[in-house]
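Welcome, and thanks for opening the viewer. Have your selection tool ready, and we will walk through the model stop by stop.

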Amino acid sequence: MLEGDEDDDVEMETVTATETELLVETRRDLHRHPELGFQEFRTAGIVAERLRAAGYQVQTGIAETGVVGTLHGGAGTGPTLLLRADMDALPIAEECAHDFTSTHAGVMHACGHDAHVAVGLAVAERLGRSRAEWGGTVKYMFQPAEEGLGGALGMIEAGVLEGVDAALGLHVWLGLPSGVVGVVGGPQMAGAGEFEVVIRGKGGHGAIPHETVDAVLIASHCVVALQSVVSRNVSPLEAAVVTVAAFHAGSAHNVIAETATLKGTVRAFNPAVTKELPDRVERVISGVCAAMGASYEFHYRPEAPPTVNDAPMAEIVRREAVRIVGEERVRTDPDVRTMAAEDFGEVLARVPGCYFFVGGRNEERGILHPHHSPRFDLCESCMPVAVDVLHAATRAYLAGGTTG
Ligand SMILES: [Zn+2]
Ligand SMILES: [Zn+2]
């Protein structure tokens, strides 16, 4: 706590030794038993059981495996705050050597959602213990399938946001040192979508090119021409990405390929730019293919809208984080943002809220591999910080704190 802040608020519980032990134990247990999106049956079972024990009304099986715990505070009416943790793991074979390595072949908690569940349960339990002290309602959303499978949208379609006034969530983040909090007002993470293009030319002998329509050459021109979308169609004041990440064509050294397939991703912070990018990409492909005599199919799938923080909600998180970890360990500069995407953006597109990062990097201990790496790990000492900040921001919001 900083000097001069003692006038604020009630004394609030902070992480105890037993709570820290339980955080680590829970995270490691989930890490050993990772489950892919929409298959989080064991995880959801643990979540539901602990929420019930903490006094929550619990609904299960929402969007397949989602769990919602609802708890009304004992100190009168007030707003309804949605808190969210994601539960799914990734189809990655773990390469870490610690003693809680995944026991499910080819499945790994390589994004830190194991920590999110552990932190979420700790916050939920703490709110249960302090129920008499706060007013309003907490709705805890434990969602399935964050990793590109639409878990948040499924729960929203099932009505999880009904009656919700605001929302908070967090991601353990390897881009920041352990326990450093990163939060900005406005976009924190990008909106994203994925595209696939199949270019159809006319195959033939490698020695007789004039009788073919060479899909490799045309797809190559497409890849180069697509670089102009960000540099010439998007304002230089906006952040955007167009990445062609896969290029498949041809099979022999002397056969001109008839088809080529490109796969890629588009990303932007500004929702309007996110919407515009796929049209721009398709226009370039259409023009290049027309000029060179090929046809094409274009498929686009939006993944998530940008995760855009409401400024007053971000300010609550920033203020509480400063009280807990100190000004020097709270980052609010634009570099804490990322062009990675997150389906909590679906929630923040509908209700005001804040999604923030809690650093999980620890170079001295070799914990520096990025999210989705088979060697991903996180510094567990970030978890108590995450619990404290999320809990404090929750209590501050419920106490009417957007203006304080
Ligand atoms: Zn991820
Ligand atoms: Zn994630």
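## Stop 1

Start by selecting the zinc ion (ligand 2): along the sequence, its donor residues are spaced C-x1-H-x57-H. Donors here are N, O and S atoms within 2.8 Å of the metal (3.2 Å for Na, K and Ca), and since water is not among the atoms, sites may look incomplete. Before you go further, note that this is a predicted model, in which local features need pLDDT of at least 70 and side-chain atom pairs count only at pLDDT 80 or more, while totals for chains, interfaces and linings use all residues. Residues are numbered from 1 along each chain as its sequence is written, chains are lettered from A and ligands numbered from 1 in the order in which they are written, and side-chain values use heavy atoms, with hydrogens and water left out.

Now show the side chains of Cys111, His113 and His171. They coordinate the zinc ion (ligand 2) through SG, NE2 and NE2 respectively, at 2.1 to 2.4 Å.

Next, select the zinc ion (ligand 1). Which residue bridges the zinc ion (ligand 1) and the zinc ion (ligand 2)? Cys111 does, and the ions lie 3.2 Å apart. The pair Cys111 and Glu147 links distant parts of the chain: Cys111 sits in the loop between strand 3 and helix 3 (113-129), and Glu147, 36 residues apart from it, in the loop between strand 4 (137-143) and helix 4 (151-157). Helices (H or I, at least four residues) and strands (E, at least two) are DSSP runs, numbered from the N terminus.

Cys111 counts as buried because its relative accessibility is 7%, and Glu147 counts as buried at 18%. His113 is buried as well.

## Stop 2

Switch to a cartoon view and find the open sheet of 8 strands, with order 1-2-4-3-5-16-6-15 and mixed pairing. Strand 1 (57-62) and strand 15 (330-331) stand at the edges with a single partner strand each, so one side of each has no neighbour in the sheet. Two strands pair if DSSP finds at least two bridges between them.

Colour strand 5 (166-177): 10 of its 12 residues are buried. Strand 5 runs parallel to strand 3, joined by 4 bridges, and Arg84 stands opposite Gly169 of strand 5. Strand 5 also runs parallel to strand 16, with 8 bridges between them; there, Val172 has Val358 as its bridge partner. On to strand 6 (181-182), which pairs with strand 16 (353-361) in the antiparallel sense over 2 bridges. Gly182 is partnered by Phe357 in strand 16.

Axes are lines fitted to C-alpha atoms, for helices over the stretch in contact, and angles run from 0 to 180 degrees between N-to-C directions; contact means heavy atoms within 4.5 Å.

## Stop 3

Now find the open sheet with order 10-12-8-13, whose 4 strands pair antiparallel. Neighbouring strands here are turned by 15 degrees against each other on average, direction ignored. Strand 8 (191-200) and strand 13 share 9 antiparallel bridges, and Val198 stands opposite Glu297 in strand 13.

Show helix 5 (215-233), lying across strands 8, 10 and 12 at about 175 degrees to strand 10. Helix 6 (271-292) lies across strands 8, 10, 12 and 13, at about 165 degrees to strand 13.

## Last stop: helix 9

Finish by selecting helix 9 (382-398), in which 17 of 17 residues are buried. After helix 9 comes Gly400, with a positive phi near 85 degrees.

Terms used
Buried means under 20% relative accessible area, exposed over 50%, partly exposed in between (1.4 Å probe, protein chains only).
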